[in-house]
Amino acid sequence: MKNNDIKLISNGKRLDGRAPNEMRSMKIVPNVVKNSGGSAYMEWGKNKIIAAVYGPGEALPRHTANPDRAVIKCRYMMAPFSSSEEHGRVGMNRRAIEISKVTAEVFENIVLLDQFPGTEINIYIEVLQSDGGTRAAGITCASVAMALSGIPMKDLPYAVSVGKVGEDVILDLDKLEDNYSDADVPLAILPRTDSVALLQMDGEMTKKQFNDAMAMAMEAGKTISKLQKDALRSQYIEQEQKYR
Ligand code: CDP
């Protein structure tokens, strides 16, 4: 949606006071769902999200199983009370199906699937409160949940969105920016190789703007990755203290 009446940047500041390359604050709380293999709760700006991972277990229904490798199934869902917009009341909508699909694809490329033939791994992402960037927050949070579940991965992916307002490239779009910006690009990145695991794009950017946006995302990734690793590390320190 484009709307020239809404001024998303004035005097170099965004509506919430952030600089163009500034992320919203975030925190990750590990292992919040006791029955899951691994889980995490994440706050990213006003987004509040829980991710939980189950499996590997028997793939059901059976015809969904692959005898050579595990299959990843993801269900991303927004709680009906998660935002002011009307959604969630009738279960999965088209958007939730899309986000579930792209999230599963991110993990299909990272999890060592051939170690678990014939099984399924389930990722559940529940959005309790939303304010733009929930797919990025969901992937970032699910990445921690997957690692906590002990399922081997090639890397610990993080995700963030970048975009454009007028000629300015911006990082981590909130809902208003997502709705009214000139471009938004959710990205998931594998930090060990800086390779891209997800790239969606709404709007247009010049090559230079795109390169600047990628650089911004990767710089932000250092902060996000550190937060993910700190959340994982805190669990091992806690376990160690318990059994000492
Ligand atoms: O959350 P994300 O930016 O990944 O997805 P989006 O489809 O670009 O949606 C942007 C934001 O609009 C969401 O984070 C929600 O805050 C809001 N939204 C909503 O409240 N209800 C919907 N049915 C769709 C989006």
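Here is a walk through this structure, starting with its sheet and ending at its ligand.

Keep in mind that this is a predicted model, where local features need pLDDT of at least 70, side-chain atom pairs count only at pLDDT 80 or more, and totals for chains, interfaces and linings use all residues. Residues are numbered from 1 along each chain as its sequence is written, and side-chain values use heavy atoms, with hydrogens and water left out.

Let's begin with the sheet. Strands of a sheet pair through backbone hydrogen bonds, either parallel or antiparallel. Here, five strands make an open sheet with mixed pairing, in the order β3-β4-β5-β7-β6. (Strands are DSSP runs of E with at least two residues, helices are runs of H or I with at least four, and both are numbered from the N terminus; two strands pair if DSSP finds at least two bridges between them.) At the edges sit β3 (26–30) and β6 (71–78), each pairing on one side only. Find β3 and follow it to β4 (residues 38–44): the two pair in the antiparallel sense over five bridges.

Helix α2 lies across β3, β4, β5 (47–58), β6 and β7 (119–129), and runs at about 150° to β4. Helix α4 (residues 207–243) touches β3 and β4, and its direction makes about 25° with that of β3. Contact here means heavy atoms within 4.5 Å; axes are lines fitted to C-alpha atoms, for helices over the stretch in contact, and angles run from 0 to 180 degrees between N-to-C directions.

A cis peptide bond joins Gly 55 and Pro 56, with omega about 0°, and Pro 56 has its place in strand β5. Another cis bond links Leu 60 and Pro 61, with omega about -10°; Pro 61 lies in the loop between β5 and β6.

Finally, the ligand. Of the 13 residues around it, Ser 83, Arg 95, Gly 132, Gly 133 and Thr 134 come nearest (a residue counts as near if one of its heavy atoms lies within 4 Å). An oxygen atom of the ligand is 2.5 Å from an N or O atom in the side chain of Arg 95, and for the side chain of Ser 130 the distance from a ligand oxygen to an N or O atom is 2.8 Å. Such a polar contact is a pair of N or O atoms within 3.5 Å.

Key. Polar contact = N/O pair within 3.5 Å; in protein donor to acceptor, adjacent residues only side chain to side chain.
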